[in-house]
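Dear colleague,

I am handing over the structure that we spoke about, and my notes on it follow below. Please keep it open beside you while you read.

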Amino acid sequence: MRLTKEEQKMLNGEYGATVQKCMKVLVKLGEIYGAECMVEVKSVHSPGVSYRVAGDAGLGYVVDASADAKFKIPCTLNTIGIDEDAWKEIGFDEYFASQQIKLSDAYKKMGAIPCNTCTPYLVGSIPMQGEHVAWGESSAIAFVNSVLGARTNREGGPTALAAAVCGRVPKYGLHLDENRKGTCHIDVQVPLNSDKDYAALGYFVGSVVGQGVPVITGVKERPSIDNFKTLGAAAASAGAVALYHVVGFTPEAPTYEAVVNIELETVVFGQDEYDKVCSKFAQKGDIDFVVIGCPHASILEIEAVAKLLANKKIKTGFWICTARQTKSLADRMGYTKKLTDAGVEIICDTCPVLCQTLTQRNYKTIATNSGKMAHYAPGLWHLQPVLLTLEECVKVALEGKWED
Ligand code: F3S
């Protein structure tokens, strides 16, 4: 690989052992993927901070790095395994919590921004179109590439850490123009009116294109930020979609031709396809757990649930997962009180996929408006899912069942 003088100094160990080790990781990665050079990145979103994912090996690696390294560029932290402020009350395991805290502290020592969320773009980390970044967390990767038009590959814990220490990543994959073109055309032929509709579309897209770059046409109205985050999260979990284009609405796709340079196969997303996705997540009868906020809920989603539950009591467990910054807004707007009075738990920093607490609660069924949560709940926690709109999720919470 061609390295600049500065990069060569990092590789030679002139900035210390950890910088050298990190640069070696990046150079090796670049060699594997055939990168010709490095590119400077402006921000990192690190997925390596969840103890559930990193385990003791990952913890040791990060603690070692924190002995002599500082982050060169802003590095936000992804969702972790506990609610840092309320882990005892919620019932998280003490050993697990102490290991998670050690891991989080090591990242903080290096200068990380501990927002602990999969939606850093909702709490101030908003890369510009064309900017190179090094982000992890599949739903955030899909959002930053597709909706913001910034450029990242799928970074894992060690490569994100190396990027934060060196301020570089090898220039390959989605950092290059030619890899951002569409590989499959998805023709949407059903109206998209709700969060559930976007989740179903995302799930379908991910199942069809795998790691490809879908170009979606037929979307009639501008999707909201929440619609986009739902769509991308589902596409990234049913497949491994890191970049999608919605023609007319995402920044690199003002027209179909702007993102398509070869003839693409067209796959229709019509009523049959929509129904088929929904039938995968169609649990009926008693429901004991409701989750909103995968990816972490925006203030508008929290507001919507708070309004629907004002002066009511729910019959199920109910988590709204969100960033602590968003919760602090909800506190100030009176939503937290309304929700906790109704029986909802607002969970910060974590989510049911990354924490360890659900086994104690003995839940069997889950209602969610998230295609990603519906996808992971059966495998992780043996929860049978039903995919619903946010409003329908609230109805389930009030009645304790889903019969439609
Ligand atoms: Fe975020 Fe957890 Fe869902 S990290 S995207 S809430 S699985």
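Ten aromatic pairs are counted in this predicted model, where rings of Phe, Tyr and Trp (its six-membered ring) pair if their centres lie within 6.5 Å, and planes under 30 degrees apart count as stacked, over 60 as edge-to-face and the rest as tilted. One of these pairs is formed by Tyr203 and Phe281, which is edge-to-face because the ring centres are 5.0 Å apart and the planes stand at 85 degrees. Since Tyr203 belongs to helix H8 (residues 195-209) and Phe281 to the loop between helix H10 (271-280) and strand E10 (285-286), the pair ties together parts that are 78 residues apart in sequence; helices (H or I, at least four residues) and strands (E, at least two) are DSSP runs, numbered from the N terminus.

Which residues are around the ligand? They are Thr79, Cys118, Glu137, Ser139, Gly293, Cys294, Pro295, Cys351, Val353, Leu354 and Lys372, each with a heavy atom within 4 Å of the ligand. Strand E11 (residues 289-297) gives the most to this shell, with three residues, while domain 1 (5-177) and domain 3 (281-402) each supply at least three, the domain bounds coming from an automatic or database domain assignment.

Residues are numbered from 1 along each chain as its sequence is written, and side-chain values use heavy atoms, with hydrogens and water left out. Local features need pLDDT of at least 70 and side-chain atom pairs count only at pLDDT 80 or more, whereas totals for chains, interfaces and linings use all residues.

With best wishes
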